[in-house]
Amino acid sequence: MSSSALRARPSSPAPNDLQSFWLPFTANRAFKQRPRLIARAKDIHYYTPEGRPILDATAGLWCCNAGHNRQPIVAAIQAQAAELDFAPTFQYAHPSAFEAASRLAELAPGDLNQVFFCNSGSEAADTALKIALAYHNVRGEGARQRLIGRERGYHGVGFGGISVGGMVNNRKFFGTLLAGVDHLPATYDREHQAFSRGEPDWGAHKADELERIVALHDASTIAAVIVEPMSGSTGVLPAPKGYLQRLRAMCDKYRILLIFDEVITAFGRLGHAFAAERYGVVPDMITFAKGVTSGAVPMAGVIVRDHIHDAFMSGPDHAIEFFHGYTYSAHPLACAAAVATLNVYRDERLFERARNLEPVWADKFHTLRGLPNVLDVRTIGLVGAVDLAAKPDAVGARGFEAMERAFHDEGLMVRVAGDTIAVSPPLIVTEAQIDEIVQKLGNVLKKVG
Ligand SMILES: Cc1ncc(COP(=O)(O)O)c(C=O)c1O
């Protein structure tokens, strides 16, 4: 709206239409022609403004692991808002920040004991990369500046994250990105891995490419490797058996920091507090977000091993040790939501529940094999993906149609990445609801043209 328009109608209400909101990662014109609006949520359901229930098969956006609008989480946020709206965590702090941090440290494996808070997974990825660079610097190994990501990786949308990430559309519009970044190859190969349950048997050797990268650049120039234990946003690619263990061994050998981006895989998605636990691998840093508050308030962070944190703790006492942080790092509402969410996970044993449901989920989900255009079905933890054959002239069109049909025809929320449909229900999902998800998704697949 122009400033003269503002002056002409000083007290008129803003029109509540669809014009002004530019939706992120969305086909905006298609959305505005046929919106998918959500007005309310409870447990595993969303409700449209008209009250139509939508079965949430995606835990929002991989985040509402405890389900929606859970009473203890809502109550904790309300109480915190009434008590303390905001307090800075630059040179000051508030009690629930320490409580949230110690609860996370307690859950994390090994000596991953130090928590740096951020507000989004993107910030967490960039923060982890900055900690890696600064860590080598404060130890006198400032030549270790290279960052290694992976093809098809997703680490959010900051410049660090898209540089180490490997999703071409997220990179190609944004120039030359960070210098000195290299990529491991993607782990997925349909020929060897199609219709896998859990970690595919084939592919551990893909980690050995790190040897080639080290041979090319020399270990003394490499700061860190960052990978997702299961790549989610690119279309659900679980690490092959033994892959993460091999990466750990090579990173140890060359004193390269290993970062697990667990923005999706943490908080029960793969049946454990962190996927690191599932694989018996302790990385040097873990990034988390999403499930930490079950999506109720933005929160994210990096959990760091003691020795990395301790390397910064030198110099005079009054000096800032790490020049990094966000105004809303450890926001009181987020900390209250995190503590309440971790209580729900603990009290309802939701990680264990996910672990026990994994085989049931896999059995039911794999029945989608054989439906029209289905090239692959993959499951791991409480995650499933279906790859559809792309239309030769319109990559992504089938995936988009499936999402639209799921919402409008079946009352089902799914996530699509190109022609891959990904589902990841809240961990409270029942066996009957798993049947319903699979049934509805099957109906969709039969109709997609
Ligand atoms: C592995 C991973 N890292 C980072 C991010 C970015 O998180 P955010 O959208 O909160 O910035 C995501 C989001 O899906 C993710 O899956």
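Reader: What is the mean pLDDT of the protein?

Author: The mean is 96, and 98% of the residues reach 70 or more. pLDDT is the predictor's confidence in each residue, from 0 to 100. As this is a predicted model, local features need pLDDT of at least 70 and side-chain atom pairs count only at pLDDT 80 or more, while totals for chains, interfaces and linings use all residues. Residues are numbered from 1 along each chain as its sequence is written, and side-chain values use heavy atoms, with hydrogens and water left out.

Reader: Where does pLDDT stay under 50?

Author: Over residues 1-6. For that stretch the model has two contacts beyond four places in sequence, a contact being heavy atoms within 4.5 Å.

Reader: Strands next. Is β10 mostly covered or mostly open?

Author: Mostly covered: β10, residues 257-261, has five of its five residues buried. Buried means under 20% relative accessible area, exposed over 50%, and partly exposed in between, with a 1.4 Å probe and protein chains only. Strands (E, at least two residues) and helices (H or I, at least four) are DSSP runs, numbered from the N terminus.

Reader: Which residues are on each side of β10?

Author: L257, I259 and D261 are on one side, and L258 and F260 on the other. Both faces are covered. In a regular strand the side chains alternate between the two faces of the sheet.

Reader: Which strands does β10 bridge to?

Author: One is β7, residues 222-227, which pairs with β10 in the parallel sense over four bridges. There A224 stands opposite L257. Another is β11, residues 285-288, joined to β10 by three bridges and running parallel. T287 in β11 is the bridge partner of D261. Two strands pair if DSSP finds at least two bridges between them.

Reader: And β2 with β3, parallel or antiparallel?

Author: Antiparallel, over three bridges, between β2 (residues 45-47) and β3 (residues 53-56). H45 stands opposite L55 in that pair. The two strands form a hairpin with five residues between them, and G51 in the turn has a positive phi of about 95 degrees.

Reader: What else does β3 pair with?

Author: β15, residues 412-413, in the parallel sense over two bridges. D56 is set opposite M413 there.

Reader: Which residues have a positive phi although they are not glycine?

Author: A59 is one of them, at about 45 degrees, and W62 has about 65 degrees.

Reader: What does V236 touch?

Author: Leaving aside neighbours within four places in sequence, V236 is in contact with W62, M230, S231, R378, V383, G384, A385 and A422. V236 lies in the loop between β8 (230-231) and β9 (237-238). At 0% relative accessibility, V236 counts as buried.

Reader: How many residues separate V236 from G51 along the chain?

Author: They are 185 residues apart along the chain, and their C-alpha atoms are separated by 31 Å.

Reader: Back to helices. Why does R248 count as buried?

Author: Because its relative accessible area is 11%. R248 is in helix α11, residues 243-254. Beyond four places in sequence, R248 touches I256, L258, V281, V282, P283, D284 and R305. L258 is also one of the buried residues of β10.

Reader: Where does A406 lie?

Author: In helix α16, residues 397-410. A406 counts as buried, at 0% relative accessibility. Not counting residues up to four places away in sequence, A406 touches G411, L412, V414 and V444.

Reader: Last topic: which residues form the nonpolar surface patch?

Author: F159, F173 and F174, with about 370 Å² of accessible area together. Patch residues have over 30% relative accessible area and no salt bridge, with like charges joined within 9 Å and nonpolar side chains (Val, Leu, Ile, Met, Phe, Trp, Tyr) within 5 Å. A salt bridge is a side-chain nitrogen of Lys or Arg within 4 Å of a carboxyl oxygen of Asp or Glu. Accessible areas come from the Shrake-Rupley method with a 1.4 Å probe, and for residues only the protein chains shown count as cover.

Reader: And where is F173?

Author: In the loop between α8 (168-171) and β6 (181-184). F173 is exposed because its relative accessible area is 59%.
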